[in-house]
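Here are my notes on this model. Please read them alongside the sequence and the structure.

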Amino acid sequence: MRTLIDPESRITVLAEFSAIRTLRRIFTMKQKKDDDSFIFINGIRVLSLCWIIMGHSLSFNLSYTSNILDLLVWTRNVFMQLIINGVLGVDTFFVLSGFLTAILFVRQVKKEDKLSLRLFILYYIHRYIRLTPTFLLMILVSINLTPYFGEGPVYPREKGFESDECRSGLWWTSLLYVGNLYKPHEMCFDIAWYLHNDMQFHWIAPIALVPFVLGRKSISFIITTIFVLIGIISILSILLYYPNMSVGVLDAFVDRVSFVYMFYFEESVFFYVYSLALLSIKIFTLLLGVVYLPMQLVLLLV
Amino acid sequence: MILINFGRRYRLNRNIKILGTIITIVFGLICLFTPYPDCLLASGLSRPIVIAYQSLSRTFWSIIIGWILFLCSIHQGGLVERILSWSIWDPLARLNYSCYLVHSIVVRTMVLSQRMPFYYQAHLVVNNFVSHIFFSYAAAIVVTIFFETPFFIIEKKLLKR
């Protein structure tokens with residue numbers, strides 16, 4: 001085969017898009033043995049995602065079970081606790097993201113030996129174009145194709161899984177990664193709040209990293225400490241400021257139930273909409289802390 | 001590795017390593033099981049405790065993950081490091097982003113297509129977990145081939161990396 005195709009021709013460029021080639025790339029298990037790649041991160045990523053899928057599998061199911069009360073009784077089981085706390089799996093991803101951002105940024109600056117404008121532009125653009133196309137295409141699928149994916153008495157065959165607001169053009173917040181700040185409860189692709197937050201952390205991370213690469217380690221240490229404190233204090237103050245906000249561990253988990261039950265308990269409608277709207281802003285501020293701790297760790301060591 | 005890069009090699013004292021690991025495990029247990037009494041007791045936990053948990057648990061959790069990352073990156077993670085760098089994770093890790101994006105669609109399609117409400121039993125919960133994870137990764141293969149890789153290749157060509 002190889003001899004039939006002229007390696008110089010433009011056709012070979014097209015061959016890179018081949019599905020078979022992509023499959024082969026995905027399923028090679030040969031590991032590079034150099035010290036620079038953090039192979040162990042693969043394990044953490046896969047296991048955390050499995051943990052998160054477990055949590056979602058349970059919580060998405062809650063709205064369509066006949067024995068939801070049994071489930072509440074099950075929370076007395078230790079193993080159930082492990083599944084409910086799957087929210088911490090998301091934090092693991094924030095930690096990894098902070099860790100890699102810090103290391104790659106510092107490494108790149110060391111390689112180029114200076115802080116150039118080009119480095120900054122690439123820092124922002126690279127992540128954006130790695131994540132956005134796939135993300136937008138998935139939103140497109142979610143808006144337009146999910147109505148046809150299934151059927152049944154409860155299947156949303158007309159609207160698919162997205163909200164009206166999203167279908168009528170709110171997807172631009174996903175394009176700019178500000179969905180958690182503007183109309184958060186109408187956000188397209190609700191699980192993507194993680195992407196929005198993570199991108200925002202990526203934008204502000206250089207505040208802590210630039211002093212570091214300029215040799216002012218103490219300054220960047222102080223800045224990261226401040227970030228961590230902002231994270232802790234902001235969630236603390238939000239919870240203290242809204243004494244009626246639910247803080248139960250299960251509440252975040254059964255958000256979906258509250259959506260369904262909202263229609264039955266009218267007096268609680270306000271409460272749920274309220275907490276949902278606050279949720280994403282809350283998450284944004286409190287997770288600030290999570291990202292910066294590992295970064296701090298790295299900065300301490302280097 | 002960070003350290004090798006900067007011309008220093010880290011050797012961690014054995015005692016410090018053991019101490020750190022014990023502290024990490026304690027933190028982990030605190031993070032995972034503080035809310036447990038909230039479900040056990042009829043009255044639930046008192047509000048101050050829950051608020052303290054909500055504001056600090058994420059920071060504590062990141063310390064745990066940070067410690068694991070630290071030990072593994074200086075190659076002193078032992079068994080944990082060996083498990084985490086097992087090569088079976090590689091293909092799955094390449095599918096991870098697509099899988100993350102697609103799993104909510106997969107899970108919702110499977111859940112909402114049921115004709116009758118689901119009656120939860122312990123083995124069915126496990127059954128669901130396994131099938132949802134499997135089908136999410138299976139769908140992620142399609143997403144990776146058609147959505148992710150083409151843009152990855154175009155980007156590589158554009159930026160000449």
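1. Helix H7 (117-144) of chain A and H8 of chain B each supply at least two residues of the lining of the largest cavity. Helices here are DSSP runs of H or I, at least four residues, numbered from the N terminus. H7(A) gives the most, with four residues.

2. This is a predicted model: local features need pLDDT of at least 70, side-chain atom pairs count only at pLDDT 80 or more, and totals for chains, interfaces and linings use all residues. Residues are numbered from 1 along each chain as its sequence is written, chains are lettered from A and ligands numbered from 1 in the order in which they are written, and side-chain values use heavy atoms, without hydrogens and water.

3. The lining of the largest cavity consists of A:Ile129, A:Arg130, A:Pro133, A:Thr134, B:Glu148, B:Phe151 and B:Phe152. Lining residues have an atom within 4 Å of a cavity point, on a 1 Å grid where a 1.4 Å probe fits but cannot get out.

4. Now the interface. The contact (heavy atoms within 4.5 Å) takes 95 residues from chain B and 111 residues from chain A. B:Arg58, B:Arg108 and B:Tyr120 supply 8% of the area that chain B buries against chain A, more than any other three residues. Buried area is the accessible area (1.4 Å probe) that two parts lose on being put together, summed over both.

5. The rule finds two salt bridges across this interface. B:Arg108 forms a salt bridge with A:Asp190, with the closest N and O atoms 2.9 Å apart. The cut-off is a side-chain nitrogen of Lys or Arg within 4 Å of a carboxyl oxygen of Asp or Glu.

Methods:
1 Å grid on protein atoms, 1.4 Å probe; cavity = no way out; pocket = protein on both sides within 12 Å on 5 of 7 lines; lining within 4 Å.
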